[in-house]
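Trainee: Please take a close look at a single part of this model for me. I would like the part described together with what surrounds it.

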Amino acid sequence: MPLITRDPPPALPRSAFPEPDLELEEKTATVTDIPWNVVVHNDPITKMNYVTMVFQKLFGFGRERAERHMLEVHHKGRSIVWTGVRERGELYVQQLHGYQLLATLEKSL
Amino acid sequence: MKMRRKEAGSNDLVFEEIEPFFLDMLRRLPAFSDPGEDPAANARLYSAPMASGGDGDEFNEDWERFVEPEIRDLFRTARATVEADLAPLSGDMPPAAPPGTFNPADFTPTEHQLEIPQRHAEAWLSVLNQARLVIAARRGIGEREMSEDLPFPPLSERDMDLHRIDFYDFVQHILLREMGY
């Protein structure tokens, strides 16, 4: 059976396709791609074992990792405990505040 | 004061033979955990989630409006749980000796006992921590004071606050240990 072919359709003029809004697309891509850090800050009142417990419960850290972050908070004044999308970071900060920890959200550099 | 498991195999805790000095602190725990209108205590419990400037100001405003009320409710719920557990300790009791005096009776074990069910442990941890933070914020107690020896007998209400911070930490420590942390 012979192959039936057709002539290709005439090409549409370039003006038929709107120019993409590159600035909007770049901005959207930037907003969704920038990771955010959840940072826990030191305070001299909250006890270290309490902070360790919170890290284990909230982030599922093993004891060793939780203590490492806790000691970083204690010695360096702060520790980045999570990095990811902003909405999730906001939830973590809220939960950390629910445990009375000093926590902030910041753009990851 | 002694602590034991309520019964074999149970993780419910019982604090018994509580001395008046500590009984007073326990009974007043919910009140001490409430920041009321104190600006420093509120600033500590409800801190800003983002640095100010740029997007931070708008984010912090939204946070204060929409998220902070939820956190306040969370703390209030925990406080209500602790108040219910403390209810059996209410009743007539001679007040503890005022600061600056030492009354041996303040450290004589009583028959009062406090039961903390395991399912309430997180609420207790929260309220104990809230109280420590509120007291410290109100008094301006920081790292330096926390590293000093506790004055005994307490000579002032400030000294008493240091003892409260220390005692609430002790109870937190017990609860965390029993929870396996």
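Mentor: A residue counts as buried when its relative accessible area is under 20%. By that cut-off, 47% of the 181 residues of chain B are buried. Keep in mind that this is a predicted model.

Within its own chain, helix 4 (residues 86-98) lies across strand 1, strand 2 and strand 3 of chain A. Its direction is at about 165° to strand 3 of chain A. These three strands form an open sheet with the order 2-1-3 and antiparallel pairing. Strand 2 (78-84) and strand 3 (102-107) of chain A are at the edges with a single partner strand each, so one side of each has no neighbour in the sheet. On average, neighbouring strands of the sheet are turned by 25° against each other, direction ignored. Six bridges join strand 1 (residues 36-41) of chain A to strand 3 of chain A in the antiparallel sense. One example is Asn37(A), whose bridge partner in strand 3 of chain A is Glu106(A). Helix 3 (residues 63-76) of chain A lies across strand 1 and strand 2 of chain A, and runs at about 135° to strand 2 of chain A.

The loop between helix 4 and strand 3 of chain A holds Gln100(A). Most residues other than glycine have a negative phi. Gln100(A), which is not a glycine, has a positive phi near 65°. With 0% relative accessibility, Gln100(A) counts as buried.

Now the other chain. Helix 4 of chain A packs against helix 4 (residues 55-86) of chain B at an angle of about 45°, and the axes are 10 Å apart. That angle makes the two helices oblique to each other. Their crossing is right-handed. From helix 4 of chain A, the contact takes in Arg86(A), Glu90(A), Val93(A), Gln94(A), His97(A) and Gly98(A). From helix 4 of chain B come Phe59(B), Trp63(B), Val67(B), Glu70(B), Ile71(B), Leu74(B) and Phe75(B). By class, the residues of this contact are seven nonpolar, three polar and three charged.

A further helix pair links the chains. Helix 2 (residues 48-59) of chain A packs with helix 7 (residues 157-179) of chain B at about 40°, with the axes 10 Å apart. These helices are therefore oblique to each other, and their crossing is left-handed. Asn49(A), Tyr50(A) and Met53(A) of helix 2 of chain A meet Gln172(B), His173(B) and Leu176(B) of helix 7 of chain B. Here the classes are three nonpolar, three polar and no charged residues.

Of its contacts with a separation of 6 or more, 73% come from residues 24 or more positions apart.

In the loop between helix 6 (143-146) and helix 7 of chain B lies Pro153(B), joined to Phe152(B) by a cis peptide bond with omega of about -5°. Glu17(B), in the loop between strand 2 (13-16) and helix 1 (20-27) of chain B, has a positive phi of about 50°. Glu17(B) counts as partly exposed, at 32% relative accessibility.

Conventions:
Residues are numbered from 1 along each chain as its sequence is written. Chains are lettered from A and ligands numbered from 1 in the order in which they are written. This is a predicted model: local features need pLDDT of at least 70, side-chain atom pairs count only at pLDDT 80 or more; totals for chains, interfaces and linings use all residues. Side-chain values use heavy atoms; hydrogens and water are left out. Two strands pair if DSSP finds at least two bridges between them. Helices (H or I, at least four residues) and strands (E, at least two) are DSSP runs, numbered from the N terminus. Axes are lines fitted to C-alpha atoms, for helices over the stretch in contact, and angles run from 0 to 180 degrees between N-to-C directions. Contact means heavy atoms within 4.5 Å. Angles under 35 degrees count as roughly parallel, over 145 as roughly antiparallel, 65 to 115 as roughly perpendicular and the rest as oblique. A crossing is left-handed if the near helix is turned anticlockwise from the far one by less than a right angle, and right-handed if clockwise. Ala, Val, Leu, Ile, Met, Phe, Trp, Tyr, Cys and Pro count as nonpolar, Asp, Glu, Lys and Arg as charged, and the others, Gly among them, as polar. Buried means under 20% relative accessible area, exposed over 50%, partly exposed in between (1.4 Å probe, protein chains only).
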